[in-house]
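This report covers one residue's surroundings and then the way two chains meet.

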2 protein chains.
Amino acid sequence: MAHTATDPTAALAFAQANQDAALEELKAFLRIPSISTLPDHSSDVHRAAEFLAAELLRIGMQHVEVIDTPGHPLVYADHLHAPGTPTVLCYGHFDVQPPDPLEEWLSPPFEPEVRNGNIYARGAVDDKGQLWMHVKALEALLQQDATLPVNVRLIAEGEEEVGGEQIAAFLRAHPERLKADVAVVSDTDMFAPGLPTLCVGLRGMIYTEIEVKGARTDLHSGMYGGAAPNPFVALAQILSGLKDAEGHISIPGLYDSVERPSAAELKAWRSLPFDEAEYLAHEVGSTELTGEAEYTVLERLWSRPTLDVHGVMGGFTGAGAKTVIPAKATAKVSLRLVPGMTPADTFDKLKSYVAAITPKGTTAEVRLIHSGDPVVIGTENPFVAAATQAMKEVFGKDTVFVRGGGSIPIVGDFERNLGIPTLLMGFGLPDDNLHAPNEKFNVANFYAGIESLVRFLTLAGLLSVPHPSEMQTEL
Amino acid sequence: MAHTATDPTAALAFAQANQDAALEELKAFLRIPSISTLPDHSSDVHRAAEFLAAELLRIGMQHVEVIDTPGHPLVYADHLHAPGTPTVLCYGHFDVQPPDPLEEWLSPPFEPEVRNGNIYARGAVDDKGQLWMHVKALEALLQQDATLPVNVRLIAEGEEEVGGEQIAAFLRAHPERLKADVAVVSDTDMFAPGLPTLCVGLRGMIYTEIEVKGARTDLHSGMYGGAAPNPFVALAQILSGLKDAEGHISIPGLYDSVERPSAAELKAWRSLPFDEAEYLAHEVGSTELTGEAEYTVLERLWSRPTLDVHGVMGGFTGAGAKTVIPAKATAKVSLRLVPGMTPADTFDKLKSYVAAITPKGTTAEVRLIHSGDPVVIGTENPFVAAATQAMKEVFGKDTVFVRGGGSIPIVGDFERNLGIPTLLMGFGLPDDNLHAPNEKFNVANFYAGIESLVRFLTLAGLLSVPHPSEMQTEL
């Protein structure tokens, strides 16, 4: 059974004719309170998996399976009958964040309601609505002659909101079951309304603890203050030594291997509709922005390493006054890494520099808690071109390439275990209230996402299967 | 009933003849687990008060009263029948620290045991044993003809170990009930075994919180790191700006009003048996000592202002990695003050300087939590001379004058509410394990303390009643 569907016209017509049904199905999916972090809701997470699996079966996907795990289940399906074409791995998650604080919702979080062109519900955009776009695109393509223009595997997880441990374990144990040439994840947003967006880079990071020790035990600050080392003062001196007042990281050699984005990418970023005053006032809300003034805000967020302190442990933190010189103080410190940097090298440099600037009378230990590589996908990648063309046909605009300042673990997992790049093709909007009350998804974007995916899968079917060497994600 | 006892011989003979009885009584006092911080033991604290009151009544003190308070009780007694002589206010406390960790005690904390010339029990030296010296000295003086060589008031409290709130309130409300010319407190230790010691100065302090705010709410460090201000980084920059690497406080003008100890006092300190290597190895246990290298360790501890950080609040302090840029960070910061400095002026200077060095993008607020004046008593004070002579007669050595780096709140309370100086005449030893397992009190020191107090009260009776202006404690 070879594929013949190189023309998406019929599939698009089907999708358009069935928009109302798709929205009603999504509502039913959203009514399941599949909150992965609350043990009371684990049966709901399972129910969402069964709901998704039933629909995948109904539309004609094959090998549909709810995969039980020690945690929440995974859902798998495939349709691998397009020889000579690439294999696309679709990913999404069907678990959601808790809805608290409930009193701030204008309509109940698990009773979806459409208002002003948006569907409001917990999970509307993150990620049930975006996962449902994939299902509806596959349905539209399959309805004609039960074929797809490419080989497709779909994997969905039920605990993305609590760390994604089970899918990571599955990927490590069974990479062959998800063998593909590219992954498509719709779990991000567009840079601005109407602006098709691909996220083509993510920062990596190292997350560390710096522990400073002074005296053997806690001492009374009256009796010993002035002669005994204070590890909090020493820690402050170390931390302020790691970053200067202008936001530059002072660790020697840290910037040596940083790769700058291409001139074209930088030019594209400068043309994005980004209003710094608006960002300061409405997103950050501080007196002014900080960081390296010689770079634009988007460059600082997407292509520059940063160092942040997340908390400091030890000592006295209760109410009132306890006059103690604590024996130790520990800071949680992370660095975000950009292409060209590696976690191992960055950690080595941090460690050496902390050792060099540790104040006298104290000792410091630097521990690595967690790390992740930076990821970047070349914009000349043929799947990127297919996605770009697909979205141009839907939105009438060129796709903007952005990066993300944070990391999306599944992207690293696909890279590490499958050796494939990921297209982060999301249709949310910046004000969709992810993880907050009144989460929403723009209904027009939901439909546009379905059409974009229909077109993308069709265009991907025209590509030749890449050789592994061509597909190597740039790091 | 005029006093006639200007010769302590009979009283000393009585005290010596009754040493065994005094020790047995102290054991009974120590068996009461009067732990003020544990609600389960509040009846024990009351029992200790009743025990003390009964003994004061038995030995012939008058107006003996257990004074109930909203917290633990006070015990008051007086004997005011020595007209033309000064009034001495004796102070002690009958509550104790918790005994944990129990497993480290060689004999149970509330079953007093004498080993190697020491009595081991919780409260042995802090402060039941030292309070009992006062009781036994008064008994020895009273036993002859029911007179005392001076007017005496005694006040003891049951919550010194939890802040002394009730005695402070009583002093504010009823200063006339404790009207006296000098206070004698035995709740400190001798600089070294056999070396009679008076503590004639205490550092003051301001205890503050420095709160730094950045963004309006917590932000994701991946999405915002590099442009949003990090209040922990800013706080580290502020704290490291407050103190340089050599231990000098960088607040402008802070040292301007610092009064140096007299040349005689400094000379005396240099002759004290202080071993810096021993202090580093056994008391502090850090790799080296810190602070202002141009001053001796004792000068740094007793006569130099210091700045310490006690803890930092806010942010993420759990296990693992949470990638948050917290909205705020707060440090507990105190300065110790020495004569010449005032809390108000020091706080103003700290506040102004923090404002001047607060990094861009953040705001800082400095709050005063607690403050206390530095205290110093002139060594030429006639009561100091009386105490010195008394201890020389007992120990055969000149008294050494030391200071304390911390504060003893009751000294400030006496100063503020009664306008009188306090003699800190203690007989503990540096290794008595205060607040630790195996607390002890040297039995010979217990007896020597009784004799010293008999002699001191006798000598004090020879002094004329000071005019208020002469008695002003130097600040």
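Beyond residues up to four places away in sequence, Thr296(A) touches Trp269(A) and Arg270(A); two residues are in contact if their C-beta atoms, placed from the backbone, lie within 7 Å. This is a predicted model in which local features need pLDDT of at least 70 and side-chain atom pairs count only at pLDDT 80 or more, while totals for chains, interfaces and linings use all residues. Residues are numbered from 1 along each chain as its sequence is written, and chains are lettered from A and ligands numbered from 1 in the order in which they are written.

Thr296(A) sits in the loop between helix 9 (276-284) and helix 10 of chain A. Helices (H or I, at least four residues) and strands (E, at least two) are DSSP runs, numbered from the N terminus. Thr296(A) is partly exposed because 19 other C-beta atoms lie within 10 Å; buried requires 20 or more such atoms and exposed 12 or fewer, with partly exposed in between and C-beta atoms placed from the backbone.

A rotation of 180° with 0.4 Å of shift along its axis superposes chain A on chain B, with an RMSD of 0.4 Å. The two copies are thus related as by a two-fold rotation axis. Ala236(A) comes closest to the axis among residues of chain A, its C-alpha at 2.2 Å.

In the interface, 68 residues of chain A are in contact with 68 residues of chain B.

| Element of chain A | Residues |
|---|---|
| Helix 7 | 231-242 |
| Strand 11 | 306-313 |
| Strand 13 | 328-337 |

Strand 11 of chain A gives the largest share, seven residues.

Conventions. Copies are superposed by least squares on the C-alpha atoms of residues with pLDDT of at least 70 in both.
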